[in-house]
Amino acid sequence: MISTCRRVVTGLDDEGRSCVVIDGPIPDFESAIAAYAWRTESLPADNSGREDTAVPYEIDHLHSGGSNFALCTFPPCTEAYMHATDTIDYLVVLKGRVCMVLEAGEVTVGAGDFVVVRGVMHGWRNPFDEPCVCAVVNLPAGPVGGGRTI
């Protein structure tokens, strides 16, 4: 699904006018976890320049102090990896279903559902026969509970 998702990124042309600087698929760096549509190194974001910031996904990017906008795939028949991050994560399920596992229970979400994970211990379990694909935005946040584990 990653290679079929179109990414349109705006910027400025050589005359300082707004324009499209990237129009094409989200780069697929063959990561089993996620592929970036865009990321920033800091907040507030620096909107200057025309460089493509979609680099191969690395878990350490969650703690870079910037923002991440990614496409995340949860493969079928996988168990949850429990973790917490010092981020606030916004997810929109685009395709399929997945179970968000929490310390006090779990909830199944599916296409069209919005999820906000506020730095708590959680994991993603996909007991279904199809992959679940989500658009995800990660932003830095103060730690809660036990704080960051990854």
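The second largest pocket has 18 residues lining it, and those nearest its centre are Trp38, Asp46, Asn47, Ser48 and Thr53. Two strands each give two or more residues to that lining, β1 (6–12) and β3 (34–39), and β1 gives the most, with three. A pocket here is an open set of points on a 1 Å grid over the protein atoms alone, where a 1.4 Å probe fits, with protein on both sides within 12 Å along at least five of seven lines; lining residues have an atom within 4 Å of a point. Strands are DSSP runs of E with at least two residues, numbered from the N terminus.

Before going on, a word on the source: this is a predicted model, where local features need pLDDT of at least 70 and side-chain atom pairs count only at pLDDT 80 or more, while totals for chains, interfaces and linings use all residues. Residues are numbered from 1 along each chain as its sequence is written, and side-chain values use heavy atoms, with hydrogens and water left out.

A volume is the space filled by probe spheres set on the grid points, which are joined across faces, edges and corners. The lining splits into five nonpolar, eight polar and five charged residues. For this count, Ala, Val, Leu, Ile, Met, Phe, Trp, Tyr, Cys and Pro are nonpolar, Asp, Glu, Lys and Arg are charged, and the others, Gly among them, are polar.

The largest pocket holds about 510 Å³ of space. It is lined by 25 residues, and Ile33, Cys72, Phe74, His83 and Trp124 are the closest to its centre. Its lining divides into 17 nonpolar, six polar and two charged residues. At least two lining residues come from each of β4 (68–74), β5 (87–95), β9 (122–125) and β10 (132–140), and β4 gives the most, with four.

Side chains of opposite charge can pair when their charged atoms come close. Across the whole structure, a search turns up seven salt bridges, each being a side-chain nitrogen of Lys or Arg within 4 Å of a carboxyl oxygen of Asp or Glu. Three of them are set out here.

| Salt bridge | N to O distance |
|---|---|
| Asp13 and Arg17 | 2.8 Å |
| Arg50 and Asp14 | 3.6 Å |
| Arg17 and Glu15 | 3.7 Å |

Through shared partners, Asp13, Glu15 and Arg17 end up in one salt-bridge network.

How do these residues differ in exposure? Asp13 counts as buried, at 17% relative accessibility. Arg50 is partly exposed at 42%. Asp14 is exposed at 77%, and Glu15 is exposed too, with a relative accessible area of 63%. The cut-offs are under 20% for buried and over 50% for exposed, with partly exposed in between (1.4 Å probe, protein chains only).

Leu102, Val120 and Val144 make a nonpolar surface patch of about 190 Å². Patch residues have over 30% relative accessible area and no salt bridge; nonpolar side chains (Val, Leu, Ile, Met, Phe, Trp, Tyr) are joined within 5 Å, like charges within 9 Å. The areas come from the Shrake-Rupley method with a 1.4 Å probe, and for residues only the protein chains shown count as cover. Leu102 belongs to strand β6 (residues 97–102) and is partly exposed, at 31% relative accessible area.

Strand β5 holds Lys95, which is partly exposed, with a relative accessible area of 33%.

The loop between β4 and β5 contains Cys77. The phi of Cys77 is near 60°, a positive value in a residue other than glycine, and Cys77 is exposed, at 57% relative accessible area. Glu79 has its place in the loop between β4 and β5 and is exposed, at 64%. The C-alpha atoms of Glu79 and Ile33 are 14 Å apart, with the two residues 46 residues apart along the chain.
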